[in-house]
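The following dialogue is a tutorial on reading a structural model.

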There are 2 protein chains.
Amino acid sequence: MPEKEKPEKKLEELGKSVLRQIEEKKNPDITLPVRVLSNIFFDEKLGLVKLGDKVSHRTYLNVAHTRKFMQTLMVAAECRKIINQGVTTSIRDLYYALKRTIPGTNENTVEDQSESDPIIEDLEAALDTLRERLHLQADRKGYVAGPLTLTDAGDTIDCTKMGSSGWAIPSNVEDEIIKFKKCTADFVLVIEKDAVWQRLNQDKFWKKHNCLILTGKGQPARGCRRLINRLHNELKLPVYVLTDADAWGYYIYSVIKQGSINLSFLSDRLGTPGAKFVGLTTRDVEKFDIPKNVTIKLNQGDIKRANEMMKYIWFKPNEWQDELRHMLEVGHKLELEALSSKGIKFITEKYLPKKIKERDFLP
Amino acid sequence: MPEKEKPEKKLEELGKSVLRQIEEKKNPDITLPVRVLSNIFFDEKLGLVKLGDKVSHRTYLNVAHTRKFMQTLMVAAECRKIINQGVTTSIRDLYYALKRTIPGTNENTVEDQSESDPIIEDLEAALDTLRERLHLQADRKGYVAGPLTLTDAGDTIDCTKMGSSGWAIPSNVEDEIIKFKKCTADFVLVIEKDAVWQRLNQDKFWKKHNCLILTGKGQPARGCRRLINRLHNELKLPVYVLTDADAWGYYIYSVIKQGSINLSFLSDRLGTPGAKFVGLTTRDVEKFDIPKNVTIKLNQGDIKRANEMMKYIWFKPNEWQDELRHMLEVGHKLELEALSSKGIKFITEKYLPKKIKERDFLP
C-alpha cells in the first residue's frame, strides 16, 4: 500500500499543528500510538501482528514530557531538513546532528542514541510512515540473484548478471530508490544463511528453477523484509522461506510472515502473510534419510522455546503444532548445512526441487 | 604475489607424499608451520606480521596425533573433490560433509566445527595457499563504488553503476573469480563504517575525488582485506583508511596494514603495508573545531588498550605515539558520525578533501 501523502508533507503538518496550538494559547500536544505489548494484537484476517488504536499524548507543558516533546520536534525538523537537501543519513548521524548543549545550561538536547532512536519509532508510528521515507537509513544486509531487473538510484541492475556477489539489498528499497522494471521469476526463495545462498547461486539454482534467491543473512534487516513484501505484493511472487530447523529459524520465518512485535506499526509494509515455509523441518530427517549424527540435541533453552512457540497464535495451524511436537519428541534440531552430509549439491539437486515440486510446505 | 602452483597440485603432492611414506613403511608424517605466538614476529622491512619458520610434525603412528592426522587428510581430500567438481562451499558445510561415524565404532570423524576449522588453517599454512583457493568460502561483507570495472564469475561489473548498494565484495576475490578490467581511480578510501560509506556514495564522493570507496563494515572480512591488497599491489592504488578515533578503529587499521596475529601466515596476501591512516584522530577535534560534547570519555578499557598499543612495534612511529599520548591526555575518543555535528555533508565536503589534499596522514 503506497502512502497517499508525502512524508515531508506529514512532517509539515505536524509542525503546523504544534504552531496552531501555540497561537491558540493551548498546551502543545502531539498524539502518538501506544507502542506497548498491551496495544499489540494478531490480526487473524490479515495474518499480521498489528498495533491497536490506543493513543497517548505528549504535551509540552508537562515536565515529564517536555524533554521528549522537544526531541520529537527536533527529530522531525532534522528529517524535514535532510529530505529537502535530498540526502539520507543514519540514525547514529542523526543523533550526532541533534546533540548540542542548550545555551546557558549544562543540559544536552540528547544525551545518547538510546534517547533519539525511540523518537524515530514514535514518528514512524505517528505519521504512519517508514524511517526510510524520512531519509533515515537502517543497517543493511542481504543479497538477491535471479531474473529481476530493477533500477537502484537510477542505475539499472540485472540480477542475473551480478556474478558471485548478487545484488546487495540497500537499506532503503522504497519505490523512490528501487523501481522494479522486469521480472520473469515464478517465485522467491528466501534463505536464512548466506553460505547456503552462495551454494545456490553457484549452482545457478535461480536459472534452473526460474526463481529469485534472496538471503537476509540471519534475521533480515528492514530493507530485506520490505523488499520481500514488495516482491510479493507488487510482482505477485509466491514467497518460500528456507531456514534451519530450530526455534531461531522458525522465528525468522514468523517475522518475515507476520511482522514483529517491535515494529508492529509497520507490519503491513514489512510482513508478508502469504509466505510459506519450505524447510528445514525435523520431519525432513526421516523423509530425506539424513544421518542422525548431523542432528543436534535440543538443549533446555530449545525445549523451553519450542513449548512457548506452540502457544503462539501464529503457530496454531495443525502443521506447525505437529512439527513443534515432533521436534520435542525426537529431541533434536538441525541446520541447513546438515544436508551437506548427503553431498554438497544435495540441497540444490534433490532437497529443494522435491520440496517445491510436491509443495511440501508448512503454512 | 600469485602462487606458482595450483592448490589442487599441492593437495595432490600432500597425498602422494603420505602414500610414498606408507609404501616405504615409514610412519606417515605431515610437516606443519607452528602457528603460536612464539613463532610470530613483525617483519620491519616488509611491514608485516609474519609467521616464523618453526615447524612441527603430525604423524600417524602417534596416538596423540592420529585423529588430527586423519582429519587433515579428510579435509585435504574433500577440498580436492570440490575443486574437481568446480564448486565452492562454506567451512560449516565442509564440517558436515566430513562428519560421519567410523564403521564399527561409536567414534565420529569430527565432533564439531571447532575440530575442522583449525585443520583448514593448518592446510593453508602448510600449503602456503588461501582457503579461498581451496574453494572454501569465508564469511563476506563490504561494498565498493567508484571507477573500477571488473568481472565477477564472468559477469562484468561497473562499480560506477551500482546504485545505492555498491558492488558487494564476495568471499573469494582471487583472480580466478574476480578479474580487474579497468580502473581510472587515483586512490582507494577504506571506510570502517557502512553508514559513512553510504553517505559518501550518496554524495558521489568517488566521482568528485576520482577514487574508489570501500567499506568492510567494521573489521573487514578476509575477502575485503584481500581485495585491498590486490588493488594496492596490482593496480598500484594508494590506500587511505578512515576509522573512528578509538582503539578499535586503530586496530582495524593495523590489521588492514600489517595483517593479524591469527592469520600471520597469510599477511603477504591479506596485509597492505603501504596503507595510510587518514583519520579520525583525537587531534582532529581541535583542527576541525569539533564540539567537545560529541566526544566520548575514555573508559578504563580504552585507557588500558591505548597504553598497550603504544608498546606495539607497529605503533612505534612518532606520529602514532603522539596520537595515542594525545588521546590519553585529552581523555576522549570520537566516532566518525561525530563529524555530523558540523552538518551532514561536513565529512564529504570539508573534512576528507582537506585531509587528503594536505596529505595529513598517520603512517
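This is a predicted model: local features need pLDDT of at least 70, side-chain atom pairs count only at pLDDT 80 or more; totals for chains, interfaces and linings use all residues.

Q: At what angle do helix 2 and helix 3 of chain B pack, and how far apart are their axes?
A: Helix 2 (residues 66-85) of chain B and helix 3 (residues 91-98) of chain B meet at an angle of about 115 degrees, and their axes are 11 Å apart. Angles of 65 to 115 degrees count as roughly perpendicular, and helix 2 of chain B is therefore roughly perpendicular to helix 3 of chain B. The crossing of these two helices is right-handed.

Q: Which residues of helix 2 and helix 3 of chain B meet?
A: A general point on helices comes first: an α-helix has 3.6 residues a turn, so residues three or four places apart point the same way. Here, helix 2 of chain B contributes B:Met74, B:Val75 and B:Glu78, while helix 3 of chain B contributes B:Leu94, B:Ala97 and B:Leu98. By class, this contact of helix 2 with helix 3 of chain B has 5 nonpolar, no polar and 1 charged residues.

Q: Are helix 11 and helix 12 of chain A roughly parallel or roughly antiparallel to each other?
A: The axes of helix 11 (residues 300-311) and helix 12 (residues 318-330) of chain A come within 10 Å and cross at roughly 160 degrees. Angles over 145 degrees count as roughly antiparallel, and helix 11 and helix 12 of chain A are therefore roughly antiparallel to each other. Their crossing is left-handed. On the side of helix 11 of chain A, the contact is made by A:Ile303, A:Ala306, A:Met309 and A:Met310, and on the side of helix 12 of chain A by A:Gln321, A:Leu324, A:Met327 and A:Leu328. The classes in this contact of helix 11 with helix 12 of chain A are 7 nonpolar, 1 polar and no charged residues.

Q: In what order do the 6 strands of the open sheet in chain B lie?
A: In general, strands of a sheet pair through backbone hydrogen bonds, either parallel or antiparallel. In chain B the order is 10-7-13-12-14-15, and the pairing is mixed. The edge strands, each pairing on one side only, are strand 10 (167-168) and strand 15 (276-279) of chain B. Within the sheet, strand 12 (residues 187-191) and strand 14 (residues 239-242) of chain B run parallel and are joined by 4 bridges. B:Val190 stands opposite B:Val241 in strand 14 of chain B.

Q: How many residues of helix 5 of chain B are buried?
A: Of the 9 residues of helix 5 (residues 194-202) of chain B, 8 are buried, so this helix is largely enclosed by the rest of the structure. The buried residues include B:Asp194, B:Trp197 and B:Arg199. Just after helix 5 of chain B, B:Lys204 takes a positive phi of about 50 degrees.

Q: Is B:His135 buried or exposed?
A: A residue is buried if 20 or more other C-beta atoms lie within 10 Å of its own. B:His135 has 25 other C-beta atoms within 10 Å and is therefore buried. B:His135 lies in the loop between helix 4 (113-127) and strand 6 (136-137) of chain B. Leaving aside neighbours within four places in sequence, B:His135 is in contact with B:Cys79, B:Ile82, B:Ile83, B:Val87, B:Thr88 and B:Thr89.

Q: How many residues does each chain give to the contact between chain A and chain B?
A: The contact takes 43 residues from chain A and 43 residues from chain B. Among the elements of chain A that give two or more residues to the side touching chain B are helix 3 (91-98) and helix 5 (194-202). By class, this side of chain A has 17 nonpolar, 16 polar and 10 charged residues.

Q: Where is a cis peptide bond found in chain A?
A: The peptide bond from A:Gly279 to A:Leu280 is cis, with omega near -10 degrees. A:Leu280 lies in the loop between strand 15 (276-279) and helix 10 (284-287) of chain A. In chain B, the peptide bond from B:Gly279 to B:Leu280 is cis, with omega near -10 degrees.

Q: What is the phi of A:Asn210?
A: Phi of A:Asn210 is near 45 degrees, a positive value in a residue other than glycine. A:Asn210 lies in the loop between helix 6 (205-208) and strand 13 (211-215) of chain A, and A:Asn210 is exposed, with 12 other C-beta atoms within 10 Å.

Methods: Residues are numbered from 1 along each chain as its sequence is written. Chains are lettered from A and ligands numbered from 1 in the order in which they are written. Axes are lines fitted to C-alpha atoms, for helices over the stretch in contact, and angles run from 0 to 180 degrees between N-to-C directions. Angles under 35 degrees count as roughly parallel, over 145 as roughly antiparallel, 65 to 115 as roughly perpendicular and the rest as oblique. A crossing is left-handed if the near helix is turned anticlockwise from the far one by less than a right angle, and right-handed if clockwise. Two residues are in contact if their C-beta atoms, placed from the backbone, lie within 7 Å. Ala, Val, Leu, Ile, Met, Phe, Trp, Tyr, Cys and Pro count as nonpolar, Asp, Glu, Lys and Arg as charged, and the others, Gly among them, as polar. Two strands pair if DSSP finds at least two bridges between them.
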